[in-house]
Amino acid sequence: MKTLVLHPDLNREDRLRAPEHALAEAVSLAEALDLEICEQRVVPVVKPRAGYLFGSGKADELKALCEALDIGLVLIDGPLTPIQQRNLERLWQVKILDRTGLILEIFGERAATREGVLQVDLAHLTYQKSRLVRSWTHLERQRGGLGFVGGPGETQIEADRRAIDDQIGRIRRALKKVTKTRHLHRAARAKVPFPIVALVGYTNAGKSTLFNRLTGADVMAKDMLFATLDPTMRAIELPTGKKVILSDTVGFISDLPTQLVAAFRATLEEVLDADLILHVRDISHAETEEQAEDVRNILLELGVDEARQSKIIEVWNKIDAVAEDEREALLRRAVERDPQTVIVSALSGQGMDTLCEMIEVSTSEPTFEDKISLGFDEGRKRAWLFDNKLVSSERTTKTGYEMQVIWTEKLRNQFRIVL
């Protein structure tokens, strides 16, 4: 479908990003849906017009542009009220999606797991419901009544609203079942004495490429926004032989629709459980600092407070895409800025050894020695200790085994709780 991408530049004082970069991101979002981009523009908006967003002259100018290019879809990179969307669609005779609608479409295409699909459907219906309620103006439209369709004189909007509420209720019930299953999976992982390392970052920062590089897996890794939506987990072995579980999560983005933050909070719970967070940044991007700030803010919203900041490593990715004369300056900045920063190229493998060493150090806990006595009937516990290479010595007694183990506080707690 021929598509026009518009970024309304509202010229707000709190604007963090250059409008041309915001437009480029909107175009990338559109390309993630394989749309045919015919034209892209930043449109200055001095004073938003309540019914149309744009002023009358600009709205007519854009209508002429749509007609000249035979545009079928206009993507407006910003929030539109239902009234604005309806009025512009009538004026321009095209389909219009605002930023929230566009991101919902992408999420709908990318979600792969049962939970991901349900979360997208829930967010989509919540969004649709708000559009329906606020954009319907002909409430005098009535339909009369069979009891099972709706009461006599029930308005069309009430019936549609009720139908959406029913769908939302069904999805929420299904989500409860899926969430219960996921909790069981997480409880099973808790029995595995490996640290969890979560990859987070702005969308298209290279998380999935890094995940594939570290795990040898084949997760979808493309140069497009929201290539990964559902979390993927793999156990990896570090060069020292230590094992960790690596989790790849959905990419963050500025102005993420509120209903999507809520819908995908469950997906991002993996981050809250993580022993270490790798904040992957596209260091070659013109707005890498602004993107990093967006990620930090979302992490705070999720509950990753300042007390856990020491458990975050910043991974400055895509160093191979940086001009050679800038690389040295970046290396110096990384060293001066924070010891918890590493520069890598997930594509070429540069910096992977250093990153693995940092993961090793950051996930290591103090160890101590304990003496344990087990009966002959406690073979499962004994096997668990040996499987996890915690036993330093053992001797057989008349009643069972006496063992010297070397472990961490976390492993001791798992031994007590799980077994």
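## Overall architecture

The model is a predicted one. The protein contains 14 helices and 15 strands. Its sequence comprises 419 residues, of which 47% count as buried.

Among contacts between residues at least 6 apart in sequence, 68% join residues that are at least 24 apart.

## Packing of α7 against α12

Two packed helices are described by the angle between their axes and the distance between the axes. For helix α7 (residues 207–215) and helix α12 (residues 352–362), the axes come within 12 Å and cross at roughly 80°. Because angles of 65 to 115 degrees count as roughly perpendicular, α7 is roughly perpendicular to α12.

On the α7 side, the contact is made by L210, R213 and L214, and on the α12 side by M352, L355 and C356. By class, this contact of α7 with α12 has 5 nonpolar residues and 1 charged residue, with no polar ones.

## Surroundings of α7

Within α7, the residues K207, S208, L210, F211, N212 and L214 are buried. Two of the buried residues, L210 and L214, also take part in the contact with α12.

The buried residues of α7 pack against α12 and against several strands: β7 (196–201), β8 (232–237), β9 (243–248), β10 (276–282) and β11 (312–317). After α7 comes G216, which has a positive phi near 75°.

Terms used: Residues are numbered from 1 along each chain as its sequence is written. This is a predicted model: local features need pLDDT of at least 70, side-chain atom pairs count only at pLDDT 80 or more; totals for chains, interfaces and linings use all residues. Side-chain values use heavy atoms; hydrogens and water are left out. Helices (H or I, at least four residues) and strands (E, at least two) are DSSP runs, numbered from the N terminus. Buried means under 20% relative accessible area, exposed over 50%, partly exposed in between (1.4 Å probe, protein chains only). Contact means heavy atoms within 4.5 Å. Axes are lines fitted to C-alpha atoms, for helices over the stretch in contact, and angles run from 0 to 180 degrees between N-to-C directions. Angles under 35 degrees count as roughly parallel, over 145 as roughly antiparallel, 65 to 115 as roughly perpendicular and the rest as oblique. Ala, Val, Leu, Ile, Met, Phe, Trp, Tyr, Cys and Pro count as nonpolar, Asp, Glu, Lys and Arg as charged, and the others, Gly among them, as polar.
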